[in-house]
Each structure stands twice: as C-alpha cells, then as structure tokens.
Amino acid sequence: MNFDKEFDASGMSCPLPIVKTKKALADMESGKVLKVIATDVGAVKDMQAFADQTGNTLLASSEAGGKFVFFMKKK
Amino acid sequence: MTTKKMAIIATKGTLDMAYPPFILASTAAALGYEVQIFFTFYGLQLLRKDLSDVMISPLANPAMPMPIPMPVFVQMLPGMESMATMMMKQKLKKHGVASLEELREMCLDMDVKFVACQMTVDLFEFDKAEFIGNVEYAGASAFFGFAGETDICLFV
C-alpha cells in the first residue's frame, strides 16, 4: 500500500502510539496516508477507535513479523 | 460533529495514581476531546516542575503486585518506598510507557487545560514557583462551569 509518511511506534505502550499518530497526522494534508508500525497489542483496537472517533480512515491493519502495521488516511 | 468534552478531577499524588489522569487526558485529546484537569489536594503534586519526588509506597498497598510476598513489617522499613518507586519506574520504562514528564508535556501540547485548586494550594502553602507555568488557579465553582458541560467527568 502506498503511504506518504511513516512512523515507528515500536516499543511504545498506550497512549503513545495514538498520541504520536495524531501528532504525525496534524502535519499532513487531507487524503495523505500515514503508515504506523507498533508492537503494542492494544494498538490494534486503539487505531480503529481513533479512526472511528476522529473521522480519519484506517485503510488497513495487519500483522507482520510480530509487529502491527497500520495505514491511516487523513480526513 | 460537536466537540466532546472531558473533565478529570485529580486528587492523588502517588506514582500509580499520577498516570491515569495524564493517560486519559492525552488519549482523549488525541481523539479530539476538549479536556481540562482540575488538580486538587495531593493531585497538586503532579503540577510540580520536578516530578522526581512522585513516589509509590509498598506500605498498606495490598493490591500492589509484588515479585515476592512482603509482610507489612518489611514494607515499612526505611528505603522500601524508594525501592518500590525505583522498581515501578524501571518496569514502566521496560514496557515502553512514557514518563510522567513526557505524558504531562503531551497533554499540554494537545491543549489540555490544567486548573489548580486555589484553596488547596493555600491550604498546603505550596509555592507556585515550584509548579509548572501553564496552570490556571481557580475554585470548584469555576471548574464546574466546564465540568457541567462535559460528556465524561472523572474523579481520580
């Protein structure tokens, strides 16, 4: 999947993945895609909840090599 | 979509009770909430510039998970509080949990408003110079102006 910006939240626990995702998205234009890598298991549900509550779109959520990868599109 | 609001009343100043207000506030702010935290009584300790004195005691904390069972007469020995605090901080770091300073900074960065209870600042004769700068000083009635309109209002 194409993305415009990447951010690695590996090793970070709640609430860092979400708070830093918000920060990374703030500098991006509408429609651009942010890729987030995380190791926090809670991030899976958190990222979906973040998308649902902020109007951003979680394009994909997957697991690869023990890490979780998310693609978030800015509204 | 109207902005949701959250108020937190933070009354505790130990390490374990310092995390919930800052984590909840920063998460809510990340989700688009307008957040205010009212710091009162021991919660005021969380407004100090230097947070290194925020500690946790093993004494009278039966719910605290311990690596080995610890009888009360051991819990109260000198140095046990520092040790418990150090162990907790190590655990937090190992699990990638942000430090209190970091979380507090993230809250302020996301426009969470900090309000300190004027009455308890005076009660404990705290010196405002020891607190961080971006704090408003007010009473409960003033805080209710915001708290009364919130979707979530929490007491910690």
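Colleague: Which residues in H1(B) meet residues in H4(B)?

Modeller: The model is a predicted one. Two residues count as being in contact if their C-beta atoms, placed from the backbone, lie within 7 Å. In H4(B), the residues concerned are B:Leu100, B:Leu103, B:Arg104, B:Met106 and B:Cys107. Their partners in H1(B) are B:Ala18, B:Phe22, B:Ile23, B:Ala25, B:Ser26 and B:Ala29.

Colleague: How many nonpolar residues has the contact of H1(B) with H4(B)?

Modeller: The residues of this contact can be sorted by class. The contact of H1(B) with H4(B) has 1 polar and 1 charged residue. The number of nonpolar residues in it is 9.

Colleague: At what angle do helix H1 and helix H4 of chain B pack?

Modeller: Helix H1 covers residues 15–30 of chain B, and helix H4 covers residues 100–109. Their axes are 9 Å apart, and the crossing of H1(B) and H4(B) is left-handed. The packing angle is about 35 degrees.

Colleague: Which residues in H1(B) meet residues in H1(A)?

Modeller: The axes of H1(A) and H1(B) come within 9 Å and cross at roughly 35 degrees, and this crossing is left-handed. From H1(A), the residues taking part are A:Ile18, A:Val19 and A:Lys22. In H1(B) they meet B:Ser26, B:Thr27 and B:Ala30.

Colleague: Which element gives the most to the side of chain A that touches chain B?

Modeller: The contact takes 12 residues from chain A and 11 residues from chain B. On the side of chain A, helix H1 (16–26) and helix H2 (43–54) each supply at least two residues. The most, 4 residues, come from H1(A).

Colleague: How many charged residues has the side of chain A that touches chain B?

Modeller: Here again the residues are sorted by class. The side of chain A that touches chain B has 7 nonpolar and 4 polar residues. Its number of charged residues is 1.

Colleague: Which strands are the edge strands of the sheet in chain B?

Modeller: The open sheet is formed by 5 strands with parallel pairing, in the order E4-E3-E2-E1-E5. An edge strand here pairs on one side only. The edge strands are therefore those at the two ends of that order: strand E4 (135–138) and strand E5 (152–155) of chain B.

Colleague: Which residue in E3(B) stands opposite B:Ile37?

Modeller: Strand E2 (residues 34–39) and strand E3 (residues 113–117) of chain B run parallel and are joined by 4 bridges. Opposite B:Ile37, the residue in E3(B) is B:Phe114.

Terms used
Residues numbered from 1 in each chain as written. Chains lettered and ligands numbered in written order. Predicted model: local features only at pLDDT ≥ 70, side-chain atom pairs only at ≥ 80, totals over all residues. Nonpolar A, V, L, I, M, F, W, Y, C, P; charged D, E, K, R; others polar. Axes fitted to C-alpha atoms, helices over the stretch in contact; angles between N-to-C directions. Left-handed = near helix turned anticlockwise from the far one by under 90°.
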